[in-house]
Amino acid sequence: MDGVKHIVAVASGKGGVGKSTVTVNLALALSAQGYRVGVLDADIYGPSQAQMLGVKEGVRPQAAADNKFLPLEAHGIQAMSMAFMVNTRDAMVWRGPMVVGAFQQMLTQTQWDNLDFLLIDMPPGTGDIQLTLAQKVPVAGAVIVTTPQDIALLDARKGIEMFRKVNVPVLGVVENMSLYHCEKCGHEAAIFGTGGGDRIADEYDTTVLGRLPLTLSIRELADSGRPSVISEPDSSVSRTFAEIASKVAQSVSASQSGGPTISFSE
Ligand SMILES: Nc1ncnc2c1ncn2[C@@H]1O[C@H](COP(=O)(O)OP(=O)(O)O)[C@@H](O)[C@H]1O
Ligand SMILES: [Mg+2]
Ligand SMILES: [Zn+2]
């Protein structure tokens, strides 16, 4: 793809597990490590990158030559989303082929500027968009986001199996909402259970890239358009994102240079 070195999909089987939150913070963490990063919001029915990146409503990408669009810029990263192009309330009732068409247009008509990593915030599930992505562009790898409870893991399994079938390497699993962390008294509770990420990583011979707690600040900061990684760069959440970013960067360059795949242990 023009202007893009490595494409990384951030995916899950299930909605609401934190894909968009992980995508934006991972993008900012990679950017903080000196990489040039872009985010493509492919969740046409529920795009959230505009809000998480603090892009004001109504801001539109500029047209460039050759029928292309320039991505928007926010916090030093380049971003493109269906929400920038159409009224997403209209898109809500689109049929499958229209959604796929719109996604392909975003993939082929965005003029990314010299990116090391393009992160794709995928819609939930294992449908048309996932297959279109794998068939149309070379995807370096997929990061699977899951919460630890069985019902989410069941969907995460489907996601992993789908990427395997289309020969996209699974870079690892991010376990989100692992522990509830009370910011007032510091007590912790495993609301969605424990160990789910490990189980699935074992089962599919992949790795847990990181575990993120369920906290008020992760939600508030993402909603406010200034996600944790830039609002509180020294927090343990931001350190976890930095570790995830390093692992993703290393395993992508290792697998694309044809070298051995690096695996990580705690
Ligand atoms: N670790 C977390 N702690 C608290 N809230 C979170 C966390 N991860 C995600 N959220 C919140 O949960 C909701 C769903 O997350 P989102 O990233 O939009 O999920 P998805 O993209 O998978 O649908 C959002 O309101 C988000 O702010
Ligand atoms: Mg989302
Ligand atoms: Zn408390």
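This presentation describes several local features of one predicted protein model.

Some conventions come first. Residues are numbered from 1 along each chain as its sequence is written, while chains are lettered from A and ligands numbered from 1 in the order in which they are written. Because the model is predicted, local features need pLDDT of at least 70 and side-chain atom pairs count only at pLDDT 80 or more, whereas totals for chains, interfaces and linings use all residues; side-chain values use heavy atoms, with hydrogens and water left out.

Let me begin with the largest pocket. On a 1 Å grid over the protein atoms alone, a pocket is an open set of points where a 1.4 Å probe fits, with protein on both sides within 12 Å along at least five of seven lines. The largest pocket holds about 370 Å³ of space, a volume being the space filled by probe spheres set on the points. It is lined by 17 residues, and Ala 50, Glu 57, Gly 58, Ala 83 and Thr 88 are the closest to its centre. Lining residues are those with an atom within 4 Å of a point.

Which helices supply at least two residues each of this lining? They are α2 (49–52), α3 (82–85) and α4 (88–91), and the largest share, three residues, comes from α2. Helices here are DSSP runs of H or I with at least four residues, and strands are runs of E with at least two, numbered from the N terminus. By type, the lining divides into seven nonpolar, six polar and four charged residues. Asp, Glu, Lys and Arg count as charged, and Gly is among the polar ones.

The next topic is the zinc ion, ligand 3. Its protein donors are Cys 182 (SG), Cys 185 (SG) and His 187 (ND1), at 2.3 to 2.8 Å. Donors are N, O and S atoms within 2.8 Å of the metal (3.2 Å for Na, K and Ca); water is not among the atoms, so sites may look incomplete. Along the chain, the donors follow the spacing C-x2-C-x1-H.

The cut-offs are under 20% relative accessible area for buried and over 50% for exposed, with partly exposed in between (1.4 Å probe, protein chains only).

I turn now to Asn 176, in the loop between β7 (170–175) and β8 (180–181). With 6% relative accessibility, Asn 176 is buried. A polar atom of its side chain lies 2.8 Å from the backbone oxygen of Val 17. Beyond four places in sequence, Asn 176 touches residues including Gly 18, Val 145, Pro 148 and Leu 212, where contact means heavy atoms within 4.5 Å.

Ser 235 sits in the loop between α10 (228–231) and α11 (236–256). Ser 235 is also buried, at 17%, and its side chain reaches the backbone oxygen of Glu 232 at 2.8 Å.

Finally, consider two backbone angles. Asp 66 is not a glycine, yet has a positive phi of about 55 degrees. Asp 66 lies in the loop between α2 and β3 (72–74) and is exposed, with a relative accessible area of 70%. Asn 114 has a phi near 55 degrees, again positive in a residue other than glycine. This residue, Asn 114, lies in the loop between α5 and β5 and is partly exposed, at 48%.

Notes. A polar contact is a pair of N or O atoms within 3.5 Å; within protein, one must be able to donate a hydrogen and the other to accept it, and residues adjacent in sequence count only if both atoms are side-chain atoms.
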